[in-house]
Amino acid sequence: MASSALKKFATGPPDARREEIIRLCSTGRVKEALHRRFREGLWSEPGLFSHIFRACRALPLLRQLHTFAATSGAANDRFTANHLLLAYADLGDFPAARALFDRIPKRNNGDLETARKLFDEMPARNVATWNAMVAGLTNSGLNEESLGFFLAMRSEGMQPDEFGLGSLFWCCAGLRDVVPRRQVHAYVVRSGLDWDMYVGSSLAHMYMRCGFLQEGEAALRLLPLLDIVSCNTIIAGRTQNGDSEGALEYFCMMRGAGVEANAVTFVSAISSCSDLAALAQGQQVHARAIKAGVDKVVPVMTSLVHMYSRCGCLGDSERVCLGYSGTDCVLCSVIISAYGFHGHGQKAISLFKQMIAGGAEPNEVTFLTLLYACSHSGLKNEGMSCFELMTDTYGLKPSVKHYTCIVDLLGRSGCLNEAEDLILSMPVQPDGVIWKTLLSACTQKNFDVAKRIAERVIRATSRRWEDVSKVRKTMREQNVRKEPGVSWVEVKGQIHQFCTGDKSHSRQREIDECLEEMMTKIRQCGYAPDMSMVFHDMEDEEKEVSLAHHSEKLAIAFAFLSLPEGVPIRVMKNLMG
C-alpha cells in the first residue's frame with residue numbers, strides 16, 4: 001500500500017483504522033497491519049490483536065506479537081488470549097499453547113443456562129454477544145439451537161462477522177441436513193466473505209468434515225493466497241475422507257510452493273502413511289519432521305508410533321518415544337495399543353503402571369487398548385484386574401467393545417461358561433461380534449456350548465436376503481454404488497492397488513499364475529473356502545472363483561513376485577470388517 005494511503009487510514013477515524021487493520025490481516029499482510037501508523041489503534045482497541053494473531057504464519061513473529069500484546073495489556077483479555085492460544089496451536093507450538101491455557105485466569109465453564117439468562121436480560125445486544133451464544137451452543141453440541149440463534153440474529157438485522165461464521169460452520173458440520181450448509185455458504189458469498197482467509201478456511205473445513213472434499217477444496221481455491229492453514233485443511237480433509245495418496249501428493253506439493261509444514265501438517269501426512277501402510281514414505285515424512293524440529297511434539301509422536309506399529313515395526317515405535325518422560329494419555333494409549341497389536345501384553349501393562357504412577361488419568365480408550373493387549377497375550381488375571389480397576393476405581397462405564405475384549409480373554413482361557421454369563425448379564429446390548437468372539441473360542445470338546453452360541457450368532461447376524469435385495473434395488477435406482485473393496489501393497493515407494501476380479505495390472509498374467517499356485521498349495525494343507533458370505537444368487541463354482549480372486553489375495557501374490565525373500569508383506573484394505 002502506498003505511503004499516502006497508510007497515512008490516510010492511520011490519521012483517519014478510529015473505525016477506518018480498525019477496518020483497514022482487519023482488511024490487511026484477512027489478506028495475510030500482518031507486517032503492514034503492524035505499521036507504526038496503526039500502533040495507536042492497537043493500543044486503544046486491544047481486541048484487534050485477535051485478527052493479527054490469526055493472520056500470523058511464523059512462530060518467531062507470533063512470539064514477538066505475544067510480547068507486544070502482553071506489554072499493551074491485551075494478552076490479559078480472555079478473548080484475545082484464546083486467539084493467541086489457537087495461533088500457537090495452528091503453528092504447531094503445542095507446549096506454548098498449553099502453557100498459555102494454564103495461565104488463563106478464568107476459562108469458559110459452559111454454563112449455558114446462566115449465559116442464556118444474561119443474554120435475555122440484556123437491554124441491547126451486539127454482534128459479540130450473539131457470537132458468544134452461537135459459539136457456546138455449538139461447543140455444547142446443540143447445533144439445532146445454535147442455528148436457530150444465528151437465524152434470529154439475522155432477523156434482527158445483525159451482520160455476523162468472521163468469528164460468528166466460524167462457530168456457525170462447526171454447527172452446520174454437526175447437522176445431518178445439507179441444506180443449512182448450502183444456505184450459510186450462499187450467505188458468505190453474498191457478503192463477499194468467501195475471500196477472507198479465516199472464513200474461507202473455516203468454510204472448507206466444514207465441507208471436509210462432512211465428506212464433501214471437492215466443495216471444500218473449491219472454497220480454498222478462491223482464497224487470495226496459499227498459506228499453512230489452507231494447506232493443512234486440504235491435507236487433513238483428504239486424509240479424513242480416505243484420499244491418503246492425494247494427501248501425500250499435496251504434502252509434497254507444499255514444499256514446492258514454498259509453504260513450510262508445521263506439526264499439524266505432519267500429523268495428517270503421517271496418518272496418511274499409516275492408512276496406506278506406506279513404510280518408506282512414512283520414514284521420509286519422519287525425516288522431514290526431524291528436520292523441521294517437530295518430531296518431539298506429542299501429536300506428531302503419537303502419529304509416528306501408530307504408523308510404525310501398523311507397518312509392523314514395533315522397534316521403531318519404541319524408538320520414537322525414547323527419552324519421553326511425559327504422561328500424555330493419548331500417546332500412552334497408542335503405545336499400549338502397539339504393544340497389544342504385536343502381542344507384548346506384559347510391556348503394555350508395565351507402561352500402563354508407569355502412566356498411572358506419573359499421575360496420568362486413563363480414559364475408556366486407554367482401558368480398551370490395555371484389555372486388547374491382555375486378551376491377545378492370554379493374560380487373564382491381569383485383564384480381569386484391569387477391568388475391575390476401570391469400573392470400580394475410575395468409575396468408567398464399559399462399552400460392548402470392552403466386554404468383547406473380556407469375553408475374548410475368558411474364551412482363550414477356556415472359561416466359556418463364565419464368558420457366556422458375562423454377556424447375558426452385562427448392562428449393554430450384546431451384538432453379533434461379541435457372540436462370534438465367544439463362538440470362535442469353542443472347540444470340538446465344547447459342542448453343546450458351541451451349538452447354543454451358534455444359534456445366538458444366527459439370531460444376531462441373521463442374513464435378510466429379501467431386505468438386501470430391496471437395498472440393492474434402491475441403490476441402483478438412485479445411482480448409488482457400494483465402495484469396492486481395495487487392497488494395496490507398497491513396493492519401492494510406489495503403491496499398487498488391487499480390486500476383486502481386476503485384470504488391469506501390467507503383471508496380471510504373472511499374478512494369476514502365482515495366485516493359482518498359492519491356492520493349490522493351501523488346498524493341499526486342508527483349506528476350504530467359506531462361501532456363506534458370497535452373493536447368494538451365485539453358483540458354488542462362481543463363488544469359489546470370486547473368493548480366490550479377492551483383492552487381498554491378488555495383493556499377496558503380487559508381493560510374492562515383487563519383494564525380496566524375507567521382506568515382510570504388508571497388505572492394507574479400505575474396507576475393514
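Q: How many of the contacts in the protein between residues at least 6 apart in sequence join residues at least 24 apart?
A: The share is 62%, where contact means heavy atoms within 4.5 Å. This is a predicted model, in which local features need pLDDT of at least 70 and side-chain atom pairs count only at pLDDT 80 or more, while totals for chains, interfaces and linings use all residues. Residues are numbered from 1 along each chain as its sequence is written, and side-chain values use heavy atoms, with hydrogens and water left out.

Q: Why is Cys442 called buried?
A: Buried means under 20% relative accessible area, exposed means over 50%, and partly exposed lies in between (1.4 Å probe, protein chains only). Cys442 has 15% relative accessibility, and therefore it counts as buried.

Q: What makes Cys514 count as buried?
A: Its relative accessibility is 13%, so Cys514 counts as buried by that cut-off. Across the protein, buried residues make up 43% of the 577 residues.

Q: What makes a set of residues a nonpolar core, and which residues have the most contacts inside the largest one?
A: A nonpolar core is a set of buried Ala, Val, Leu, Ile, Met, Phe, Trp, Tyr and Cys residues joined through side-chain atoms within 4.5 Å. The largest such core has 129 residues, and Phe266 and Val300 have the most contacts inside it. Apart from this core lies another, of 13 residues, including Val489 and Leu515.

Q: How many disulfides does a search of the whole structure find?
A: A disulfide is a pair of cysteine sulfur atoms within 2.5 Å, and the search finds zero.
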